[in-house]
Amino acid sequence: MSLFTVLKKIAVRFAFTIICVLLFPLLLSGCTTVVQHAIIIMLPFDALLTDYIRFIYEIVTSENKPDNITQWSFSASKFKSSWRIFFKIGSKEALLESEIRAESLKTFTVNEKLVAKKSKKHRIVITILFCLLLGLLYGPLAPMIRESQFYGNIQIYTLGSYYYVEEDYKKFFQFLLPLAKQGNALAQHNLGVVYFEGRGIPKDYEKAVHWFQAAHKRGRIESTRTLATIYMSGEGVPKSCTKAIRLLEQAIEAKDTMSIALMGQMYFEGKCVKKDVYKGIALIKKASQMGNDEASFVLGICYEYGLGGIQDIRQAKNIYLDLAKKDFPKAQVSLARILFDLGGRDNDLEGFKWLNSAVELGEPDAIDLLKEIEMRSTNF
């Protein structure tokens, strides 16, 4: 069986689940209670799992158990092999066997009684029992689940993200506030951003810092770094380089690459610390090696312009090229500049390719460079 056929069969099985997942934001937007959220989120899994349990039940009850093994061993062996038949994945021999078994389910005699296909009532009963079981398990755990960080994060990534993408910031704020008061660190950080930027509500730096500090105490590294930048700039709070450095060091201990890059930039510029270009570049390199694209871009600038005595145009070009392939627009513009400076038809064509890509991504520097090139061509 080809890979395409296998994927097609799996897709058919999971069709209902996929549809529900795609409709999650719309479905969840109408939910107001934890029970409603649970029903929507569990709906596709209920359907799939119920179907699978019914299938295993039919497989086990359709065959006689050999006398030399226990009922548990017999059921376990059927459960272990049932997924291949359920998804119809395997060799031709296994598929043929599964087709024969599927046919035998219709007319197989056990204890001299005909085992017909299970009626719709049987399926409905299994579904109801399964949902009742989920309800019994969920009921006592509901308060704990509702107050958990994990459940709060699910709500933020689904319904919260929906409000944010739709730019309904007032609803986004009303949605975040109760979760933040319950102690959800992600909600506290996002609420701090809302207050700091004034999205849907008036700006309030004092409340923003309050919620950033609350999230920082709960271990949200993003909030730790944000607080450091606020104390460094003194925006809304008294400027304090001591607090900024202490917070950044905590974030660096947690291996936050953006904090490492920020500390490198501070040493490079001599902001809140004694200027040390080489130490700054070393930290930026470290962040770049850990996968931080912003740090890699800064490192590319250092190589391009020889900052810190490390000029290497070829190295800068390679860094920009790697970032350009990741749709990093500023790197695409820098790469285009280098290609235009190198000259030649091939370099110009490749330069325009990356420049147009940056324009499509909405990079202002790309638009300015394109206008500059057009003016040059007009003058000539």
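**Notebook: the disulfide and its surroundings**

I began with the S-S bond of Cys 241 and Cys 272: its torsion is about -60°, so the disulfide is left-handed. Cys 241 sits in helix α13 (residues 241-253) and Cys 272 in the loop between α14 (257-269) and α15 (277-289), so the pair ties together parts that are 31 residues apart in sequence. The S to S distance of Cys 241 and Cys 272 is 2.1 Å. I took a disulfide to be a pair of cysteine sulfur atoms within 2.5 Å, and by that rule I count one disulfide.

A note on the source: this is a predicted model, where local features need pLDDT of at least 70, side-chain atom pairs count only at pLDDT 80 or more, and totals for chains, interfaces and linings use all residues. Residues are numbered from 1 along each chain as its sequence is written, and side-chain values use heavy atoms, with hydrogens and water left out.

Buried means under 20% relative accessible area, exposed over 50%, and partly exposed in between (1.4 Å probe, protein chains only). Cys 241, at 26% relative accessibility, counts as partly exposed, and so does Cys 272 at 21%. Cys 302 counts as buried because its relative accessibility is 1%.

Then I turned to the chain. I find 20 helices and two strands; these are DSSP runs numbered from the N terminus, helices being H or I with at least four residues and strands E with at least two. Of the 380 residues in the chain, 37% are buried.
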